Amino acid sequence: MVSKRRKDMALLAARAGRYREYAPPPALWRHFSRLWSHTLNDGPAGTVAIVPDGYCDLLWIDGRLEVAGPDRIAAFPVIRPGATVIGARFAPGAAASWLKTPLSALVGLSVPLADIGRTDTSEFEARLRDCPEPAAVMLFGRLLEEAARNEEEPARDAAMIFAAADSGRPTSGLSGKLGMSERQLRRRCHHHFGYGAKTLERIRRFQRFLDLCRRMDAMPLARIALEAGFADQAHMTRDVAELSTLTPAIILDQLGMREGSG
C-alpha cells in the first residue's frame, strides 16, 4: 500500500519535466496512436506517478528498448534526473500482434524488448545508440516505419472496444455487435488490453477526468465528476485515489499549475 507521504509527494509524469507528443507518420497510423518524448527535470529525483491509460508503449530509455505494459494502477518508476525517454504508444489492437505476446502477460511490467524475442531489437538499439539525442525521435519513428512493413493489421474489434470505453458508452452490449459471446469478449479484452472491458472503462473514465482537469481548472470538482462520467464526486474521489494514489484536488492543482506555467 502506498504511504500517505508518498501520496502527498507524487507528481504526475506530465508535470515532471518536458513532455511532448507527435502525430506518427502515415505509415504508422494503423499501429501507433502517438510518438512522444519526455525529458525529466534535473535535480533531486522526486516520486513520479505514471497513471494508467489503457495503452501499451514501446520505450527507448537508458540505451535499450523496453515495453511498458498496460497498468491497472499508478506506477512509480525510478528514472534518473535529466533523462530523456522516447516512446511510441501502440494503437488499440496493435501491441499484442507486434509483440507476439498477449498484453495480459505484461500488465504492470516494464520488460526489455529483447526478452520478448523480436529479431530486429539488437539492430534497432545499435542504430539509436549512435544517434545524437535531438535527432533520436525522428530516427525512432523511421525505424518503426521499417518494422511496420511486415506487421499485421491491428485487430478491428479491439479498436471498437476501446472506442466504446473511451466515449463512455457501456461495453456490455458489444459482444452482440461483434458477433461473439461475453466470454470471447473478455478473452479479447485480456489479449489486447491486459484486463476486462469494465477495467478499461474505468481507466478511460479516469483519463476523461484528467483531460477535464487540464482544460477546465476553474470547474468545481462535483461538475468535473459528472462531466467525466462518475456517478458523483465521492465515486470520483475513490476511483482517482485507487488509480493514481492522489486526490482529485491535488491532480487539479498539478494540471492547473502546468497550464498556468506554459
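Predicted model: local features only at pLDDT ≥ 70, side-chain atom pairs only at ≥ 80, totals over all residues.
Student: How many aromatic pairs does the structure hold?
Tutor: Two rings pair if their centres lie within 6.5 Å. By that criterion, the number of aromatic pairs in the structure is 8.

Student: What is the geometry of the aromatic pair formed by F32 and W98?
Tutor: The centres of F32 and W98 are 5.1 Å apart, and their planes stand at 75°. An angle over 60 degrees counts as edge-to-face. The pair of F32 and W98 is therefore classed as edge-to-face.

Student: How many residues apart in sequence are the parts that this pair ties together?
Tutor: F32 belongs to strand 3, residues 32-39, whereas W98 belongs to helix 2, residues 95-99. The pair therefore ties together parts whose separation in sequence is 66 residues.

Student: Are F32 and W98 buried or exposed?
Tutor: A residue counts as buried under 20% relative accessible area and as exposed over 50%. On that scale, both F32 and W98 are buried.

Student: Which residues do ring pairs link into a cluster with W98?
Tutor: F90 and W98 form an edge-to-face pair, at 6.0 Å centre to centre and 65° between the planes. F90 is buried, as is W98. Ring pairs join W98 into a cluster with F32 and F90.

Student: Which residue lies over the face of Y55?
Tutor: The contact is described by a distance of 5.7 Å from the ring centre of Y55. The residue lying over that face is R89.

Student: How many residues of strand 3 are buried?
Tutor: Strand 3 has 8 residues and is mostly covered. The number of them that are buried is 6.

Student: In which sense do strand 2 and strand 3 pair?
Tutor: Strand 2, residues 18-22, meets strand 3 over 5 bridges. In this pairing, R18 stands opposite T39 of strand 3. The sense of the pairing is antiparallel.

Student: What is the bridge partner of T39 in strand 7?
Tutor: Strand 3 and strand 7, residues 84-90, run antiparallel and are joined by 7 bridges. In strand 7, the partner of T39 is T84.

Student: Where is D62 placed, and is this residue buried or exposed?
Tutor: Phi of D62 is near 50°, a positive value in a residue other than glycine. D62 is located in the loop between strand 5 (57-61) and strand 6 (64-68). With a relative accessible area of 55%, D62 is exposed.

Student: What is the relative accessibility of K100?
Tutor: K100 lies in the loop between helix 2 and strand 8 (110-112). Phi of K100 is near 55°, a positive value in a residue other than glycine. K100 counts as exposed, and its relative accessibility is 61%.

Methods. Residues numbered from 1 in each chain as written. Heavy atoms only, no water. Phe/Tyr/Trp six-rings, centres within 6.5 Å; stacked < 30°, edge-to-face > 60°. Helix = DSSP H or I, 4+ residues; strand = E, 2+ residues; numbered from the N terminus. Buried < 20%, exposed > 50% of the residue type's maximum accessible area, 1.4 Å probe, protein only. Lys NZ or Arg CZ within 6 Å of the ring centre and 35° of its normal. Pairing = 2+ DSSP bridges.
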